[in-house]
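I opened the model to look up a few places along the chain, and these are my notes.

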Amino acid sequence: MRQSVIDEKNAAALRSAPLTRRFKAAYGSGALADGIVAAGFGFFLLFYLTAVCGMSGTMAGTAKLIALLVDAVADPAIGLASDRLRSRFGRRIPFMVFGLLPFAAAFGLLFSMPESLSGLPQFVYATVCLIVLRVSLSCFVLPYTAVGAEVTDDYRERASIVSYRLSFQNAGILIGVVLGLGVFMSGTDGLLDRANYVPFAWSCAAAMFLAGMIAIRAVSSAQPRLHGPEKGEGNFLTGFGREMIELARNRSFLILFATVLTYFLAYSAHVSLALHASRYFWKLDSTAIQMILLSTTLGPLLGAPISAFALRYIEKRTLSIAAFLAIALFLIWPPLLQLYGPVTLTPAAAAPILFVNGLLVGTAIMVGGIGFQSMLADTADEHEWLFGVRREGLFFSGLTLAYKAASGLGGLIAGLALDAIHFPTDLGARGPGLVIPQEVLDKLALISGPLPAAFAALSPLFLIGYHLTQTRHARIIADLDQRKIDKAAAAD
């Protein structure tokens with residue numbers, strides 16, 4: 001029997017064996033870096049660029065959109081390259097190593113914008129930092145995420161891997177929020193003090209780098225379980241065009257792509273305006289804002305066990321649909337209650353209500369995310385079954401493309417909306433005593449809550465057409481394993 005047959009049998013046997021909690025934790029730590037970036041981009045970036053640095057909402061949103069669109073174009077090439085790379089370190093590790101340091105450094109530089117910059121130079125500085133950060137982050141995250149889909153073939157074990165990854169991602173968001181609001185930007189006017197953002201950014205960068213190194217070591221230890229690149233794949237550019245066409249023919253992937261695109265449009269618009277709404281509509285202090293933002297990251301502590309229990313009895317699709325609809329409900333009701341309800345909540349009364357609501361949002365995000373991301377891993381198996389090649393990197397790059405395009409558009413919508421309602425910029429220079437008209441604040445509540453909720457409610461409708469069940473996936477895996485053994489034996 002040829003060595004290739006033995007290697008394939010050994011790899012298949014390893015992928016069917018349970019993963020240790022130690023490996024899952026070490027692997028999951030890589031998502032900590034992604035979570036810190038998500039906290040910086042989602043909660044702080046738009047506020048920093050507009051209220052602190054004085055950029056208009058439109059210019060700040062445009063800078064984010066340009067960077068995300070550049071990255072979205074690069075993502076499929078990065079994903080496919082990591083699928084096809086041949087090296088003694090495997091397919092994934094070289095990309096992770098190459099991307100780690102640049103994205104950590106770019107994050108630090110982004111929030112260390114020189115005060116001397118304004119106008120076009122300021123816009124260019126922000127855009128360049130964002131492009132470098134986004135592209136290098138993709139070099140790390142796409143191969144890293146693909147490992148989670150290929151390190152095991154088990155339907156439920158994949159959900160467990162996703163649970164660990166999302167838990168660490170939310171821990172990263174928590175670290176970003178605590179370092180920001182709890183350490184470096186604490187105090188009455190801490191959010192408006194430009195000097196506070198520099199140590200915040202470089203502390204986050206250091207944490208990202210350390211977490212990334214731990215994940216790289218974990219991926220290296222899992223090499224015997226991972227798939228190798230297909231042999232004889234030919235020219236990269238020709239193959240890239242062919243496989244993008246094949247990707248567009250995969251119905252399950254297109255359904256997941258449309259779901260991500262719609263959901264993250266809502267999510268990005270909501271979180272981009274979270275600081276604005278919390279501070280100026282709800283009139284909360286930094287401590288209350290920190291607790292509310294943290295509540296979303298604490299929700300996964302409830303969401304992970306709920307998801308693990310629910311997936312024993314219901315399909316991933318059903319669970320994700322229910323979770324996304326719950327997110328829409330949790331986003332819409334607090335501002336509507338404050339604007340049109342029988343009573344007006346004081347900041348002291350609103351804070352605990354918003355905390356509990358944020359906890360529920362985080363729980364629903366975790367439940368939906370575990371089901372959804374493990375569905376994408378299952379769809380990668382279906383793609384190999386349909387077209388004969390494994391493309392975890394390309395698949396997750398497609399997911400990331402949708403996420404980034406939607407996030408860029410959501411950030412732009414948030415910036416345009418701020419300008420449309422005439423929300424003031426450069427608040428740090430204007431002083432804490434600036435009075436914002438109530439009409440403007442009411443409009444801020446509507447664009448930060450009900451508007452994103454409408455998009456969030458649309459996203460799960462696409463999943464109705466997703467039909468890759470647990471039973472169907474088990475048949476696909478069995479067929480794929482037999483195909484590979486037969487192919488290797490025929491080559492003898």
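At which residue does H4 bend, and which proline follows within four residues? I found that H4 bends by about 35° at Ala-74, with Pro-76 as the proline that follows within four residues; the bend at a residue is the angle between axes fitted to the seven residues ending there and the seven starting there.

Before going on, I noted that this is a predicted model, in which local features need pLDDT of at least 70 and side-chain atom pairs count only at pLDDT 80 or more, while totals for chains, interfaces and linings use all residues. Residues are numbered from 1 along each chain as its sequence is written, and side-chain values use heavy atoms, with hydrogens and water left out.

I then checked the span of helix H4 (residues 57-84): at 1.5 Å a residue its 28 residues should span 40 Å, and the end C-alpha atoms are 41 Å apart, which agrees. The expected span is 1.5 Å times one less than the number of residues.

For the chain as a whole I recorded 19 helices and 0 strands, where helices (H or I, at least four residues) and strands (E, at least two) are DSSP runs numbered from the N terminus. Of its 492 residues, 57% count as buried, buried being under 20% relative accessible area, exposed over 50% and partly exposed in between (1.4 Å probe, protein chains only). Among contacts (heavy atoms within 4.5 Å) with a separation of 6 or more, 86% are accounted for by residues 24 or more positions apart.

Next I looked up Thr-363, which lies in helix H14 (residues 347-387). Thr-363 counts as buried because its relative accessibility is 10%. Not counting residues up to four places away in sequence, Thr-363 touches Gly-299, Pro-300, Leu-302, Gly-303 and Ile-306.

Where do I find residues other than glycine with a positive phi? Lys-283 has a phi near 60° and is found in the loop between helix H11 (274-281) and helix H12 (286-310); at 45% relative accessibility, Lys-283 counts as partly exposed. His-422 has a positive phi of about 60° and is found in the loop between helix H15 (392-420) and helix H16 (427-430); with a relative accessible area of 66%, His-422 is exposed.

My last entry concerns Val-124, which I placed in helix H6 (residues 119-150) and which is partly exposed, with a relative accessible area of 41%.
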